[in-house]
Amino acid sequence: MRPVIDVQHLTKTYRTYKRGAGMGQTIRSFFRREEVIVHAVKDISFAIGQGEICGVLGPNGAGKSTTIKMLCGALYPTSGDIQVLGFSPSRDRKRYVSRIGAVFGQKSQLIWDIPPIDSFHMNKAIYGISDADFKSRLEELAELLDIAHVMEKPTRVLSLGERMKCEFVMAMLHRPDVLFLDEPTIGLDVVAKVKIREFVREMNRKQRMTCILTTHDLEDVEELAQRVIVINHGEKVFDDSLQRLQLFLGDKKLVRFTFTDSTRGAHFENAYTRVIERPSDLQITLEVDTSLISISEFIESIARKHHFSDIAVKELPIQQVVMKLYEGEQSPPDMQSTPEVSLSR
Amino acid sequence: MKRYFKIYWTCMRSAFLAAIAYRMDFIVSSIITLVGNVLFPLVTLLIYRSGASFPGWTLYEVLLIQSVFTMSGGLANLIFGGVLWTTMSHIREGSFEVILLKPLNPLFFIVATTFSPDSIGVLVGGIALFLFSVAHVDAIPLLSWLPFAALFAAGTAVMAGITLMMAAMSFKWVGNSRISELADSVLHFGKYPLPIFPKSIQAVMTLVIPVGMVGFLPASALLGRVEATDFAAVLPCFLFMAAGAWIYRHMIRLYEGVGG
């Protein structure tokens, strides 16, 4: 089956000027500017199928937003090819954008000084939505996002969470086939985040809507995405399922002990164990490489030396996995041999 | 076409609602714009009161030029006035993609959403001054109104072209908030009878940056002072506006956003 989003060897290069810091460098750059070539996106390729939710992770400046903007048709790629829904976003922009929606966490589509309902009416005219469709769609979205009571208040008086929900209505009124979300939960409280995640899941389920999500909030990815792409320094460093991402560092688990007696002076570090946290002599969190020792053997080995009253075994947090990827830690050999996973530094 | 009219109407309505959301700001900015644009003919009045004059032109004939200039500026500002500042702010903040996400010509969308109702004051002030001047010049033949309308439309196209070119420059020349002063200084030439300037300036002001078309030629049409050759400048005016729109659309390709 043909993918909904097909990106081949995408590259974006900017030309900018080095301005320098401090008085001396600034004055020097005023008279003689040094040209700097920025490779924001380097030869990225991926394909996404219909109905898939794909999370795009990466540190600040990694090239995530640039990639999303090129996918939305807002930026021209320097080279490479993008096909979304059979369109080339930059070449067929007008026809293409009528089939997609986008929510940018830090850029608003609402008109600041008037109520969101007026902005919704503007989109109704722009996308040529019929009166009946607009009414039913708005009722559905307003109920799902619980915003019926705020739609007629000026946008400027709404809370960030309410505004973001209205941004989703703006993006969804015309029933897009693909939704691009660029940090949609940035700055939101837990309640608003949960509501927005539920909404995206529901739209994805009901409409088979394909979704690309860039975020720094790994919970967004854990809650929504089946697939994860990690971008760092403009390059794709990982592209696979969330489970595979969690396995990235091998079979490692976190084990937290609460001891009944002090463990002062005891050593826990060895070939398969690493101390993660030791807040007191009675508590410790260890990272255990379960490819070298089974969890039961490990617990037995600890129990032989120390008495404990509580134990908790957890998966390695995804945050830690991603940080390792960002830092460019080498992948284990079994991952490198997997053809679906691209790991490059 | 019908769809575009509907979109324009809806966006214009939203722009109007946004403009009047803050009553005092709307009233004060309308008054400031009106005063700033309508009071400049006072200088002309002072010149003539002191016994000086523009050779070959009576006070009311000069006021007629200036009233046409004001009307043209008011109309162009009403429709295109917000394009410059909105484009500039989107580029500086890296939010131009919000415009590009709409399935429309981005220039049309910006023009529609930046309808500037606070310029209505200038247009109304210009019309008042125009009626006052018309009442004091020689009787205007009915047939003179047709060439006036054509030249007035051409003059408004020049004003629009200048705005679009300035807005287009902000794609490359990011954050230059004084760019409009450059245009204002060129436009000053259009507020006075063209024959008072040297021939070379007259040629530039008619054919290169046709600001002479904004006030001088339409007013001359009413006064029966135009010649058939003057109408040759009508086409460059519309080409000038088309060039502004073309440059703007071309410059969108340079848009690079800001770091996300």
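Helices (H or I, at least four residues) and strands (E, at least two) are DSSP runs, numbered from the N terminus. The exercises below use these element names on a predicted model.

**Exercise 1. Backbone angles in loops**

Task: State where Arg175(A) lies, and whether it is buried, exposed or partly exposed.

Solution. 
Step 1. Arg175(A) lies in the loop between H6 and strand S6 (178-182) of chain A. Its phi is positive, about 50°, although the residue is not a glycine.
Step 2. Buried means under 20% relative accessible area and exposed means over 50%, with partly exposed in between. Arg175(A) has a relative accessible area of 42%, so it is partly exposed.
Step 3. Asp146(A) is not a glycine, yet its phi is positive at about 55°.

**Exercise 2. A histidine in a loop**

Task: Decide whether His174(A) is buried or exposed, and find which residues it is in contact with.

Solution. 
Step 1. His174(A) is in the loop between H6 and S6 of chain A.
Step 2. The relative accessibility of His174(A) is 14%, so the residue counts as buried.
Step 3. Neighbours within four places in sequence are left aside. The contacts of His174(A) are then Val97(A), Ser98(A), Ile100(A), Gly101(A), Tyr127(A) and Ile129(A).
Step 4. For Ile100(A), a polar contact can be named: its backbone oxygen is 2.7 Å from a polar atom of the His174(A) side chain.

**Exercise 3. A threonine and its partners**

Task: Work out which residues Thr78(A) touches, and how its side chain is placed relative to the backbone nitrogen of Thr13(A).

Solution. 
Step 1. Thr78(A) is found in the loop between helix H2 (64-72) and strand S4 (79-84) of chain A. With 46% relative accessibility, Thr78(A) counts as partly exposed.
Step 2. Not counting residues up to four places away in sequence, Thr78(A) touches Thr11(A), Lys12(A) and Thr13(A).
Step 3. A polar atom of the Thr78(A) side chain lies 2.7 Å from the backbone nitrogen of Thr13(A).
Step 4. Thr78(A) and Tyr14(A) are 64 residues apart along the chain, while their C-alpha atoms are separated by 8.6 Å.

**Exercise 4. Chain A as a whole**

Task: Describe chain A by its helices and strands, its span and its contacts.

Solution. 
Step 1. Chain A has 12 helices and 13 strands.
Step 2. Its C-alpha trace spans about 75 × 55 × 50 Å along the principal axes.
Step 3. Chain A has 345 residues, of which 51% count as buried.
Step 4. Take the contacts in chain A between residues at least 6 apart in sequence: 71% of them join residues at least 24 apart.

**Exercise 5. One face of a helix**

Task: Find which residues of helix H9 of chain B are buried, and how they are arranged around the helix axis.

Solution. 
Step 1. H9(B) covers residues 179-187, and its buried residues are Ile179(B), Ser180(B), Ala183(B) and Leu187(B).
Step 2. Viewed down the axis of H9(B), these residues fall within an arc of 95°, so they line one face of the helix.
Step 3. The buried residues of H9(B) pack against helix H4 (59-93) and helix H8 (145-172) of chain B.

**Exercise 6. Where the two chains meet**

Task: Describe the area buried between chain B and chain A, and the side of chain B that touches chain A.

Solution. 
Step 1. The size of an interface is often given as the accessible area lost when the parts come together. Between chain B and chain A the buried area is about 2800 Å², and carbon and sulfur atoms give 61% of it.
Step 2. In terms of residues, 33 of chain B are in contact with 32 of chain A.
Step 3. Three salt bridges are counted between the chains. One of them joins Arg13(B) and Asp118(A), whose closest N and O atoms are 3.5 Å apart.
Step 4. In chain B, helix H1 (2-19), helix H5 (97-100) and helix H6 (106-113) are the elements that give two or more residues to this side. H1(B) provides the largest share, 10 residues.
Step 5. Sorted by class, the side of chain B that touches chain A has 17 nonpolar, eight polar and eight charged residues.

Definitions and conventions: Residues numbered from 1 in each chain as written. Chains lettered and ligands numbered in written order. Predicted model: local features only at pLDDT ≥ 70, side-chain atom pairs only at ≥ 80, totals over all residues. Heavy atoms only, no water. Contact = heavy atoms within 4.5 Å. Buried area = accessible area lost by both parts, 1.4 Å probe. Salt bridge = Lys/Arg side-chain N within 4 Å of Asp/Glu carboxyl O. Nonpolar A, V, L, I, M, F, W, Y, C, P; charged D, E, K, R; others polar. Buried < 20%, exposed > 50% of the residue type's maximum accessible area, 1.4 Å probe, protein only. Arc of directions from axis to C-beta. Polar contact = N/O pair within 3.5 Å; in protein donor to acceptor, adjacent residues only side chain to side chain.
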